[in-house]
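Keep the structure open while reading.

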Amino acid sequence: MKLYGIPPTRAVRPLWLLNELDLACEIVPIDISNGEHLAPPFLAINPFGKVSVLVDGDLVVAESAAISLYLAERYGGGRFIPGDVAERAFMHQWIFFLVTEIEQPLWRIALHAFIYPEHERLADEPPLARRDCRRMLAPLEQHMEGRAFLVGASPTVADFIAAFTLDWASEEDLLGDHPNLLGFVERMYARPAAPPTIKEGFAALQAGISADRFRFGAGHDRKAPQADATRHGA
Ligand SMILES: N[C@@H](CCC(=O)N[C@@H](CS)C(=O)NCC(=O)O)C(=O)O
């Protein structure tokens, strides 16, 4: 298997599943800053021109949430996907909620704060997006009162997607008044197989840390990445 994309991109989501399930997979860096995602060799794999994308034999799956679900369904042996149909519906509810209602405003902030060329950025967009994101964080904060996981008593794919997405919200200083969500993110990233946080991913990128160092969990040496300063975002 090959996963194209590395932290701190949305590739963190499928990477988290690869680590939790201890799956063998080559992690292939794609240099977005140099437009590698829009060059013909990558477009031949993922015509969306986005990371991440997974190649598993003849199967090519894009979209980080879809890849995460695929990995759990194909290789999880019942882990991270509820057996009960109602619980599975709630898992999907939260995944769609996270990528459409929480991530989209975060993406709007990024686009209008630093991704679009300066002349295309709209000054009104980041404050509006922050407002929209806050509005959707409120019910999630309420939902997490007294809960360890989004659905049921053990983690599902929704929790890994939530942890990355909320870490992103935290990077935008949107979680300060959301103790349940902050606690959830902290607990999720304390898992032995947790991938780097966004801050750690940026630091690793700058330090030129190779992609295979992002593999934690059973069979992978978590101590190595921790031993260098990047584990704590220095
Ligand atoms: N909905 C997609 C979004 C993927 C996405 O936008 N990835 C970013 C990196 S985090 C990217 O490829 N950016 C390049 C671009 O938008 O041109 C997913 O979750 O996989």
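## How to read a crossing

A helix crossing is called left-handed if the near helix is turned anticlockwise from the far one by less than a right angle, and right-handed if it is turned clockwise. By that rule, α1 and α6 cross in a right-handed way. The model is a predicted one.

## Helix α1 against α6

The axes of α1 and α6 come within 9 Å. They cross at roughly 135°. That angle makes α1 oblique to α6.

Which residues meet here? From α1 come Val12, Arg13, Trp16 and Leu17. From α6 come Phe160, Ile161 and Phe164. By class, this contact of α1 with α6 has 6 nonpolar residues, no polar ones and 1 charged.

## Helix α1 against α3

Helix α1 also packs on α3 (residues 64-75). Here the axes come within 8 Å and cross at roughly 10°. An angle under 35 degrees counts as roughly parallel, so α1 is roughly parallel to α3. The crossing of α1 past α3 is right-handed.

On the α1 side, the contact uses Arg13, Pro14, Leu17 and Leu18. On the α3 side, it uses Ser64, Ala65, Ile67, Ser68, Leu71 and Ala72. The contact of α1 with α3 divides into 7 nonpolar, 2 polar and 1 charged residues.

## An enclosed helix

Is α1 enclosed or open? Of its 9 residues, 9 are buried, so α1 is largely enclosed by the rest of the structure. A residue counts as buried if 20 or more other C-beta atoms lie within 10 Å of its own. The buried residues of α1 include Val12, Pro14, Leu15 and Trp16. Arg13, Asn19 and Glu20 are buried too.

What covers them? The cover includes β1, β3, α3, α6 and α8 (198-207).

## Helix α4 against α6

Helix α4 spans residues 85-115, and helix α6 spans residues 157-171. They pack at an angle of about 15°, with their axes 9 Å apart. That makes α4 roughly parallel to α6. Their crossing is left-handed, whereas that of α1 and α6 is right-handed.

The α4 side of the contact is made by Met91, Trp94, Ile95, Leu98, Ile102, Glu103 and Leu106. The α6 side is made by Val157, Ala158, Ile161, Ala162, Thr165, Trp168 and Ala169. The classes are 12 nonpolar, 1 polar and 1 charged.

## The nonpolar core

In soluble globular proteins, nonpolar side chains tend to be buried together. The largest nonpolar core in this model has 55 residues. Trp94, Val157, Ala158, Ile161, Leu166 and Ala169 touch the most other members.

Several elements each supply at least two residues of this core: β1 (2-4), α1 (12-20), β3 (53-56), α3, α4, α5 (125-143), α6 and α7 (179-189). Which one gives the largest share? Helix α6 does, with 10 residues.

Most residues other than glycine have a negative phi, and most peptide bonds are trans. A few places in this model depart from that pattern. The peptide bond from Pro7 to Pro8 is cis, with omega near 10°. Pro8 sits in the loop between β1 and α1. The bond from Val51 to Ser52 is also cis, with omega near 20°. Ser52 lies in the loop between α2 and β3.

Asp22 has a positive phi of about 50°, although it is not a glycine. Asp22 follows α1, in the loop between α1 and β2. Asp22 counts as partly exposed, with 14 C-beta neighbours inside 10 Å. Phe80 has a positive phi as well, near 70°. Phe80 is in the loop between α3 and α4. Phe80 is buried, with 23 other C-beta atoms within 10 Å.

Methods: Residues numbered from 1 in each chain as written. Predicted model: local features only at pLDDT ≥ 70, side-chain atom pairs only at ≥ 80, totals over all residues. Axes fitted to C-alpha atoms, helices over the stretch in contact; angles between N-to-C directions. Helix = DSSP H or I, 4+ residues; strand = E, 2+ residues; numbered from the N terminus. Parallel < 35°, antiparallel > 145°, perpendicular 65-115°, else oblique. Contact = placed C-beta atoms within 7 Å. Nonpolar A, V, L, I, M, F, W, Y, C, P; charged D, E, K, R; others polar. Core = buried A, V, L, I, M, F, W, Y, C linked by C-beta atoms within 7 Å. Buried ≥ 20, exposed ≤ 12 C-beta atoms within 10 Å, placed from the backbone.
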